[in-house]
Amino acid sequence: MEYKVEAHRIMSISLGKIYNSRVQRGGIKLHKNLLVSLVLRSARQVYLRDYYGGICLSAQQAREWCEGEYMDSEQDKLVPGSTESLPESDGQSEVAVDKGEPINVVESPASLDVESQASGEQEHAENVILDSGCSDLKTTEESPEASATCEVSNVVTTISSNCISDPSPSNPKEATETPTDCQTDDSESVEENSHKPKVPRAYTNRKRSADDSELKDPLPKRTKVISPLLISKNDENKGETEEMDTSNVSSLITIFGSSFSGLLSSEDGAQPDSEVEDSDSGQICCDQMLKNLNPWSTAIVAF
Amino acid sequence: MLNPIQVLCSDITSLSLEPEPFASYTEADIISTVEFSHTGELLATGDKGGRVVIFQREPECKTEPYSQGEYNVYSTFQSHEPEFDYLKSLEIEEKINKIRWLPQQNAAHFLLSTNDKTVKLWKVSERDKRPEGYNLKDEEGRMKDLSTVTSLQVPVLKPMDLMVEVSPRRVFANAHTYHVNSISINSDHETYMSADDLRINLWHLGITDRSFNIVDIKPVNMEDLTEVITAAEFHPHHCNLLVYSSSKGTLRLCDMREAALCDKHSKLFEEPEDPSNRSFFSEIISSVSDVKFSHSGRYLLTRDYLTAKVWDLNMENKPLEIYQVHDYLRSKLCSLYENDCIFDKFECAWNGSDSVIMTGAYNNFFRMFDRNTNRDVTLEASRESSKPRAVLKPRRVCQGGKRRKDDISVDSLDFTKKILHTAWHPTENIIAIAATNNLYIFQDKLNQEMHG
């Protein structure tokens, strides 16, 4: 739990540094920004690992929480979802396609699969699964359920470490194959997850549906820029380190959009003219993320 | 060397006219590099405002043995100006990143100074005579009325007040896309290299419109970037060998005889990471901020955020010696990351005999480690301790537990006072310490007779 708070704080600080580096005198310092992006990546890994531990526990204990707390309609969706998910975990395509069903349907097999990977295998695959799991959180319209699940996961993150250390019964081979499909199908929202914390997405959804629909607009633009890169990288099966760095820098690109590609291309010589106006969008994005942090941290305190 | 060090020449404030204790300084006054010449007679400092100040050591006076060896201002000039790259819409800082002296070959001195993009060769010469007795000009330089000229005379050189002239002889520009962090003069005294984040170029001192690229670690796709070059230096004796350090904590020794492009290293010096020390900031603190060959050419001295390491060129898998500079900061890395101190690039230095290494720390502390006796000392560069001929008192940072008098606790360290740049006289025990905008020069008096 503490690691998650710490990781979150470090992530927001890192993003602030990257943003400020763009307005510093003397141009962007490649060395410092590279180091900051490495810290951002490490913090994100820790954060996602902790989050996923919370998710898998929440899936197991979801029934206990739901009984007597939530409406019957939600219960009907959750319970059959969780029972159906187990035989479906062997199927690859079904996991990806099930967007219409409640979140838990996709989450529980994915979370079980992630358990095996969280114990130390490909971090890349883990990140991808998390992205896919959370993209379903984002895209579904059943936001109350999303928030419920996330609230549950918040509560159980304290014992997330136990979840991770348990040996997974699921088939590791299928687990590794699953993420690729999830990644392919959920590509449009992947990069958003890569730079935003997963848990507050519930709050993000509620807030967004309430007022912030306009803030959504800058993001889809950036997602299209990044998704082909991520897909191609995964398909080519590059080394783990390279993928981590790519997704890391790609996540930064999503924050700043074209102005960040200016960060890279400016080193070579071409500076996009749109940097000035994009700095505002960068600011908006930063503020947006930081805004989302606050309700999340409040939730932590509350639980 | 670990005898108490006496202060001979106390703080020379490099640019303020009246060095008051609490006078505020501008950012342009912050010293960004310090370098002794090859004989130690001259000491050059560069600052963030693009100025270079050269100090000269006063010749020893036999009658007064204690007044010898003081450094006084010799010359000041503006080396670099702020520039604007219109193509990239980037401002180029005038801050002097490095100064390197050329070995002296005649009466004049030459030095290379560089900012982020451009290297310049400066000639520093003295003029103490001037011609007098012109036929067509009078003493003030006005043209004479020809009717008053009745005889011809040959102008003669008459002594004048010493004047130091500094003139730019070469400008090596437009060769670096990224920020230049190091320059190093080859032992052949004809070529030198300049290193930026991703490339190292080899220049001839006489040719400014061409340079050879000898190291290029830029990946095809910049998104695959994992490390950058942080420092580079030529071997002091072998003109074909150079070393460069990376942000990943590795050192690469390259031999220019092997290939024209030295991307493939001859030797790779890397210490496996200790998994128990892993944290969010492991990568940052392993980044090497400075690398220096020993005078013998046998060893390498590197500085990362918390340690200084001595490597043997013959042993690649681990350093020969590791010195903890300020390990008490290991638990404070997160706050140091927040206030950007974790990105500070500390330099390191060897003494003339390669027996002692020196590096800076925070709170205006600097540390020396004696490699033979394994003893170390922490000293402070401050106005209070810099009265002439005052002996520097060893300082101690206490990390909890027993606290002695005059100890400083870790929490009361001033992280805005950092000693990033230090230099050691090539042969004597004289050190130059740059503390923000002040330059301190300390000398070891007691060993004076031994080292001569």
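Which residue in S13(B) does Ser182(B) stand opposite? Ala195(B). Keep that pair in mind while I go through the sheets. One caution before that: this is a predicted model.

In chain B, four strands make an open sheet, ordered S12-S13-S14-S15. The pairing is antiparallel. At the edges are S12, residues 182-185, and S15, residues 207-216. Each of those edge strands pairs on one side only. Ignoring direction, neighbouring strands here are turned by 25 degrees against each other on average. Now go back to the opening pair. S12(B) and S13(B), the latter covering residues 191-195, run antiparallel and share 4 bridges. Ser182(B) and Ala195(B) face each other across those two strands.

Next sheet, also in chain B. The order is S16-S17-S18-S19, with 4 strands. This sheet is open, and its pairing is antiparallel. S16(B), 229-234, and S19(B), 267-269, have a single partner strand each, so one side of each lacks a neighbour in the sheet. The twist from one strand to the next averages 20 degrees. Look at the S19 edge. S18(B), residues 251-255, pairs with S19(B) over 3 bridges, in the antiparallel sense. Arg252(B) has Leu268(B) in S19(B) as its bridge partner.

Now a loop. Where is Asn135(B) found? In the loop between S10 and S11 of chain B, strands 119-132 and 156-172. What does its side chain reach at 2.9 Å? The backbone nitrogen of Gln153(B). Set aside neighbours within four places in sequence, and Asn135(B) is in contact with Lys144(B), Val149(B), Ser151(B), Leu152(B) and Gln153(B).

On to the interface. On the chain B side, 36 residues are in contact with 38 residues of chain A. The area buried between the two chains is about 3300 Å². Carbon and sulfur atoms give 58% of that. Which chain B residues lose the most area to chain A? Glu223(B), Phe280(B) and Tyr337(B), together 24% of what that side buries.

Then the polar side. The rule finds 13 residue pairs in polar contact across this interface, both partners at pLDDT 80 or more. Three elements of chain B each supply at least two residues of the side touching chain A: strand S7 (90-92), helix H1 (282-286) and helix H2 (333-338). H2(B) gives the largest share, 3 residues. By class, that side of chain B has 14 nonpolar, 8 polar and 14 charged residues.

Charges last. Side chains of opposite charge can pair when their charged atoms come close. How many salt bridges does the rule find across the interface of chain B and chain A? 8. Over all chains, the count comes to 40. Two examples. Glu283(B) pairs with Arg41(A), with the closest N and O atoms 3.1 Å apart. Glu338(B) pairs with Arg9(A), and there the closest N and O atoms are 2.1 Å apart.

Methods. Residues numbered from 1 in each chain as written. Chains lettered and ligands numbered in written order. Predicted model: local features only at pLDDT ≥ 70, side-chain atom pairs only at ≥ 80, totals over all residues. Heavy atoms only, no water. Pairing = 2+ DSSP bridges. Axes fitted to C-alpha atoms, helices over the stretch in contact; angles between N-to-C directions. Contact = heavy atoms within 4.5 Å. Buried area = accessible area lost by both parts, 1.4 Å probe. Salt bridge = Lys/Arg side-chain N within 4 Å of Asp/Glu carboxyl O. Polar contact = N/O pair within 3.5 Å; in protein donor to acceptor, adjacent residues only side chain to side chain. Nonpolar A, V, L, I, M, F, W, Y, C, P; charged D, E, K, R; others polar.
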